[in-house]
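Please load the structure in a viewer and keep the selection panel at hand.

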Amino acid sequence: MEKAIHIREPWSDRVSIAVIYIFLSIILLCVAYPLIYIVSSSFSSSAAVTSGRVWLFPVEPTWYGYQAVFQYPQIWTGYLNSIIYTVLGSIISVALTIMMAYPLSRKTFMSRKVLMWALLFAMLFSGGLIPYYLVIKSLHLLDTRWAMILPGALNIFSIIVAKTFFQSSIPNDLYEAAQLDGCNDTKFLTRIVLPLSKPVIAVLLLWAAVSNWNSYFNALIFLNSENLYPLQLVLREILVLNNVSTNSITLSPEQLKQFEDMKTLLKYSVIVIASIPVLILYPFIQKYFVKGVMVGSIKE
Amino acid sequence: MLFRTVSLWRKNIYRHWQLYCIVALPVLFLITFNYVPMFGIQIAFKEFNPMQGIWHSPWVGGKQFEMFFNSPYFWPIIQNTLLLSIYALCIGTPAAILLALAINEVKNQRFKKIVQMFTYAPYFISTVVLVGMINIILSPTTGLYGQLSHLFGVENVYDILGESKAFSSLYVWSGVWQETGYGAVIYLAALANVNPELYEASKIDGASRIQKIIHIDLPAIRPTIIVLLILAVGGLMSVGFEKVFLLQNMLNLSTSEVISTYVYKIGLVNTNYSFAVAVGLFNSVVGFILIFTTNVLARKYSDSSLF
C-alpha cells in the first residue's frame, strides 16, 4: 500500500525530517543527562564528586553513599511509612472511585446528574487550605496515619475517567440481559463490570500509587510526629533544608569528618533509593498511564 | 409536577437501592472533604476565635478583605502568581505541542519509543526529589553547573538558586523538563486519530511536511489545545504550592511568594486564620470566574468547551 503511492520526497522534506531528528536527539540528551549524572555520582567517591570529575560514568566506584543511607534510620521509617500510606491509600482510593463511578455510569440511576454537578463544582471550587485543615482537625485526624490516607482518597478526575470507561465499554444491553437472568446491581458490578474493567482499574491503581508515593503536602500540614513522616518529608529535610542530622549516631571527630564527606554522597544516593519503587514499576506505569490519559481525553 | 418527580425518585431509589448503597460511602467522602470545608469560608467574614469555634465567632464583614487589598503584599503576590503561571503556560503548552508534532513525524519505531520513554520518565519524579536534584546540580560550588562554569574559566559563578530574578525561569524550565513528555501524550493521542487518507491526499497534492503539519496536524489537535488552555487559565491563580514552596529561600522571596505559599504562612504558620481564609477565598473566586469566562469564550468562538 505504502509502496503503491510512493512519491519521492522532495529535498525540503528531507531537511525537515533531519531537523526533527536532531531536535529530538537534543531533547533526549537534555532529559536523560541529569538522571544519568545523579545515578553515576551516587556510585562515585565523594572526592570525585566534589572536585567535579564525574561527567558520565561513576569515578572511583564505591558504595559509600548507599552505606550512609543504610545508617540513616529516618530514611527507613520514612520508607516504611510511605509503603503503608501508598498501599492502603491506593486501595481505598480506587475502591471509592469505582463505588462512585459505577452508579454514575448507569443511565437508570436517577441522581446521576445532580451528583455529576456536585463533583464538577467540587473540582472547580474549594474552601481553601484553612477550612480544609480545620475539618481534618475537628475529625481528630491530625497527626495520625489516617490523615495521610483519607483526605485525599476521593479523586474527582479519576472518577470521571472511570465513569467514562464504564459508559463506553460496557453496553447498556449487557445490563438488561443480565437483569433478565436475575442479576441485581451489586452482582452486575462485581461479576460483570469489574472483570471487564481490569485495564482501567490498573490505571487508577497506578495513578493513586504514584501520587501517594510522591505526596508530601498533606504530611507537611497534618503530621507532627517524626515517626509518622513519609519518605518525601524526610527527603525534604535532607535535600532541601539540608538537615542531615547526626543525632541518632554518636561519632568520633574522625568519623564526623568522614560523615561530612558522606553527606554529599548521601544526597545523590537517597534520590536514587527514593525513586527505585517508581522505577521498578515504570514499564507498567508508562504503558497504563498512556492508556489512562487516552481514556481521560475521550469527550462525551 | 413536583409530586410526580418525587414519586419517580422514590421509585428509582426503591428499585436501585443497591446503587444508592454503593454510592453512599464516596458521597460521604465528597461531603466531608470537599463540601464541609466550603462552610468554613465564613471564617473570612468573621474574627475567628478558636475558643468560640467557627459558628460562634463574631462577624466582622469585609474587614479581612480590606486589610488584604491594602496590604503591601497584595500586588507583589498577585504579580508573582500571575507571572509564574502565565510564563509556565506560554512556554509549557507550545513545548508539549512541539514535542508531540516532532514525535509524530518519526517513522523509526525504536527511536520513537526511546524518545517517549525518556521524556515521559521525569513526570514520575516527586517534587521533593526534583527540587533536590536542582539544588545539587545547580550548586555554584559543588554542583555540575558550578564545575562547568569553572571549566569555562568563570570566576564568580552566578548563584541561580539565590537570585530572585532567576526564580521564575528556574521554576518554568524545570517544569518543562519534568512535564513536557507527559503533556505531549495527550496531543499524540489526538494525532493518532487523524484519518491517514488525509495525509495521502495531501501527499498527492504535493504538500510538504511542514505544510502537512500546519494544515492537517494542528487543526486535528485544536480542540485538545482549547480544552487544556481553558483548564490552564482556570488554574492561573493557583500556582502549585509544592514546587514554589520547596524552591523558595530567603534570597528569592521577593519573586517567589505566591498566593498559596502566602496563605500557608499566614494561616498555618502564623495561625491568622481569618485573614488566610479571606486571601484563599479571593483566590478561589477569581479562579472560578476565570475558568467560567474562558469556557464561555471558547464555546462562542470555537466548537470545543469544557462544559
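This is a predicted model: local features need pLDDT of at least 70, side-chain atom pairs count only at pLDDT 80 or more; totals for chains, interfaces and linings use all residues.

Residues are numbered from 1 along each chain as its sequence is written, chains are lettered from A and ligands numbered from 1 in the order in which they are written, and side-chain values use heavy atoms, with hydrogens and water left out.

**Chain A**

Of its 300 residues, 50% are buried (buried is under 20% relative accessible area, exposed over 50%, partly exposed in between, with a 1.4 Å probe and protein chains only). Among the contacts of chain A that join residues at least 6 apart in sequence, 71% link residues at least 24 apart (a contact means heavy atoms within 4.5 Å).

**The nonpolar cores**

Next, select A:Ile75, A:Met100, A:Ile130 and A:Phe166, which touch the most other members of the largest nonpolar core, a set of 159 residues (a nonpolar core joins buried Ala, Val, Leu, Ile, Met, Phe, Trp, Tyr and Cys residues through side-chain atoms within 4.5 Å). The element giving the most to this core is H14(A), with 13 residues. Apart from this core lies another, of 22 residues, including A:Ile20, B:Val106, B:Ile221 and B:Ile225.

Centre on A:Met100. Leaving aside neighbours within four places in sequence, A:Met100 is in contact with A:Leu115, A:Leu119 and A:Ile159, and with B:Val23, B:Pro26, B:Val27 and B:Leu30.

**The largest cavity**

Which residues line the largest cavity? Select A:Gln286 and A:Val290 together with B:Ile103, B:Gln116, B:Thr119, B:Tyr120, B:Gly181, B:Ala184, B:Val185 and B:Leu188. A cavity is a set of points, on a 1 Å grid over the protein atoms alone, where a 1.4 Å probe fits but cannot get out, and lining residues have an atom within 4 Å of a point. The volume of the largest cavity is about 50 Å³, a volume being the space filled by probe spheres set on grid points joined across faces, edges and corners. H9(B) supplies the largest share of this lining, 4 residues. Colouring by class shows 6 nonpolar, 4 polar and no charged residues (Ala, Val, Leu, Ile, Met, Phe, Trp, Tyr, Cys and Pro count as nonpolar, Asp, Glu, Lys and Arg as charged, and the others, Gly among them, as polar).

Select B:Tyr171, in helix H9 of chain B. B:Tyr171 is buried because its relative accessibility is 12%. Not counting residues up to four places away in sequence, B:Tyr171 touches B:Leu84, B:Val239, B:Gly240, B:Lys243, B:Val244 and B:Leu247.

Move to A:Asn214, in helix H11 (residues 198-214) of chain A. The side chain of A:Asn214 reaches the backbone oxygen of B:Phe124 at 3.1 Å. A:Asn214, at 13% relative accessibility, also counts as buried.

Finish at A:Gly152, in the loop between helix H7 (146-149) and helix H8 (156-169) of chain A. Is A:Gly152 buried or partly exposed? With a relative accessible area of 48%, A:Gly152 is partly exposed. A:Gly152 touches A:Tyr132 and A:Asn218, residues up to four places away in sequence not being counted.

Methods. On a 1 Å grid over the protein atoms alone, a cavity is a set of points where a 1.4 Å probe fits but cannot get out, and a pocket is an open set with protein on both sides within 12 Å along at least five of seven lines; lining residues have an atom within 4 Å of a point. Helices (H or I, at least four residues) and strands (E, at least two) are DSSP runs, numbered from the N terminus. A polar contact is a pair of N or O atoms within 3.5 Å; within protein, one must be able to donate a hydrogen and the other to accept it, and residues adjacent in sequence count only if both atoms are side-chain atoms.
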